[in-house]
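Keep the sequence and the 3D view open side by side as you read.

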Amino acid sequence: MTGSNGLLGQKLTDLILQENHMLQKNRILQETKSNRDKPQSRTEIQLIALSRGVNRHPQQQGYTYIDIDLLNKEELNAVFQHYQPDCVIHTAAMTHVDQCEEDPILCQKLNVELVKNLIDLCEAAATHLIHLSTDFIFDGQDGPYKEDDQPNPLSLYGQSKLDSEALIRQSNCPWTIIRTILVYGIVDDMSRSNIVLWAKGALEKGQEIRVVQDQWRMPTLAEDLAAACLAAAKPKITGVFHVSGSELMAITEIVQQIAKFWNLDQNLITPINSDTLNQKAKRPRRTGFHLEKAYSQLGYRPTSFWEGLELIDSQLQKIS
Ligand SMILES: NC(=O)c1ccc[n+]([C@@H]2O[C@H](COP(=O)([O-])OP(=O)(O)OC[C@H]3O[C@@H](n4cnc5c(N)ncnc54)[C@H](OP(=O)(O)O)[C@@H]3O)[C@@H](O)[C@H]2O)c1
């Protein structure tokens with residue numbers, strides 16, 4: 001897996017470690033019972049987690065962490081040849097939409113050229129490549145979108161993700177593209193915030209926040225996205241999938257729910273229109289996904305936004 005220090009990367013690490021733990025427990029149980037000769041139907045996943053800098057996941061045992069700059073082609077090649085993975089889940093990317101406009105060269109390197117390098121490695125070894133993409137490949141004029149709807153990105157970030165999708169579609173390795181929307185959740189030592197943590201943090205400090213009322217999204221719980229990636233990886237399910245929460249909400253509505261959940265002052269929220277923000281990258285107006293393909297082929301079951309907040313709340317209580 002690439003990008004293991006990120007939000008999705010850390011949730012995937014959690015999930016894989018949990019699954020391996022369950023399999024180990026079942027194996028021990030089986031070995032102590034009479035059916036010890038029965039073959040094991042599932043094997044543990046050997047996780048190789050790649051990210052830059054120190055490993056920020058609190059659990060450091062049970063897998064291999066490699067500190068790597070993924071843009072270093074030779075190093076990436078050496079790691080790939082050494083471990084010969086069956087599957088690569090590629091979560092690393094330049095994910096900050098405005099930064100992509102500010103530094104288009106780095107955006108191209110990380111979001112497109114790195115994907116090309118991974119494709120070359122995966123093609124040579126027939127490795128399954130699972131790539132993460134975004135609702136920002138669409139222009140937001142007529143969401144929610146199906147997998148085969150016409151993309152029309154408004155930003156360099158969206159364009160770079162669409163370009164990487166095109167490379168993957170032309171590749172000769174087994175591939176899966178998972179597009180997602182506004183991912184939220186909490187992990188240790190995050191390099192990037194998300195809507196839930198940002199709004200909660202600001203409102204708790206009594207800060208007034210300006211929130212766009214003319215953009216609609218389906219916020220996605222990071223745990224749900226990780227489960228969908230793993231569901232595609234294990235039996236090698238290929239193709240393009242839309243994976244998000246199932247509730248289409250205006251960003252103001254999302255933030256109001258966050259305030260309501262934690263009993264915070266909703267009067268601090270000022271609804272504004274996107275054009276007053278002067279953001280570098282244009283955002284699509286209304287995205288959202290049709291999820292039927294993920295329901296039927298990945299067994300995907302999204303958590304409701306309210307339940308997602310309950311989960312984060314319980315995780316925060318464990319941290320404090
Ligand atoms: N988050 C969203 O709302 C959202 C929405 C749609 C699609 N997606 C897609 O979903 C995927 C996962 O998103 P995420 O939210 O988990 O992203 P994230 O939290 O930003 O994680 C990305 C990780 O990749 C690492 N990384 C970046 N460049 C690297 C490099 N050159 N070498 C090694 N590691 C590198 C980052 O390291 P640092 O921590 O050191 O920066 C970070 O830990 C991305 O492909 C993103 O485009 C996300």
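## Starting at one residue

In which helix does Glu74 lie? Glu74 belongs to helix H2, which covers residues 73-83. Helices (H or I, at least four residues) and strands (E, at least two) are DSSP runs, numbered from the N terminus. Glu74 counts as exposed because its relative accessibility is 61%; exposed means over 50% relative accessible area, buried under 20%, and partly exposed in between (1.4 Å probe, protein chains only).

A word on the source: this is a predicted model, where local features need pLDDT of at least 70, side-chain atom pairs count only at pLDDT 80 or more, and totals for chains, interfaces and linings use all residues. Residues are numbered from 1 along each chain as its sequence is written, and side-chain values use heavy atoms, with hydrogens and water left out.

## The whole protein

Now zoom out. The protein has 10 helices and 12 strands, and its C-alpha atoms fill a box of roughly 65 × 45 × 40 Å along the principal axes. Of its 320 residues, 49% are buried.

Most residues other than glycine have a negative phi, and most peptide bonds are trans. Gln84 has a positive phi, near 40°, although this residue is not a glycine. Look for Gln84 in the loop between H2 and strand E3 (87-90); with a relative accessible area of 58%, Gln84 is exposed.

Ala126 also has a positive phi, about 50°, and sits in the loop between helix H4 (104-125) and E4. At 47% relative accessibility, Ala126 is partly exposed. Finally, the peptide bond from Gly143 to Pro144 is cis, with omega near 0°. Pro144 is found in the loop between strand E4 (128-134) and helix H5 (156-169).

## Salt bridges

A salt bridge here is a side-chain nitrogen of Lys or Arg within 4 Å of a carboxyl oxygen of Asp or Glu. The count comes to 10 salt bridges. In one of them, Arg27 pairs with Glu44, with the closest N and O atoms 2.8 Å apart. This pair links distant parts of the chain: Arg27 is in helix H1 (residues 7-32), and Glu44 is in the loop between H1 and strand E1 (48-51), 17 residues apart. Arg27 is partly exposed at 33%, and Glu44 is partly exposed at 31%.

Glu165 and Arg179 also meet in a salt bridge (2.8 Å, N to O). Glu165 lies in helix H5 and Arg179 in strand E5 (residues 175-180). Glu165 is buried, with a relative accessible area of 1%, and Arg179 is buried at 1% as well.
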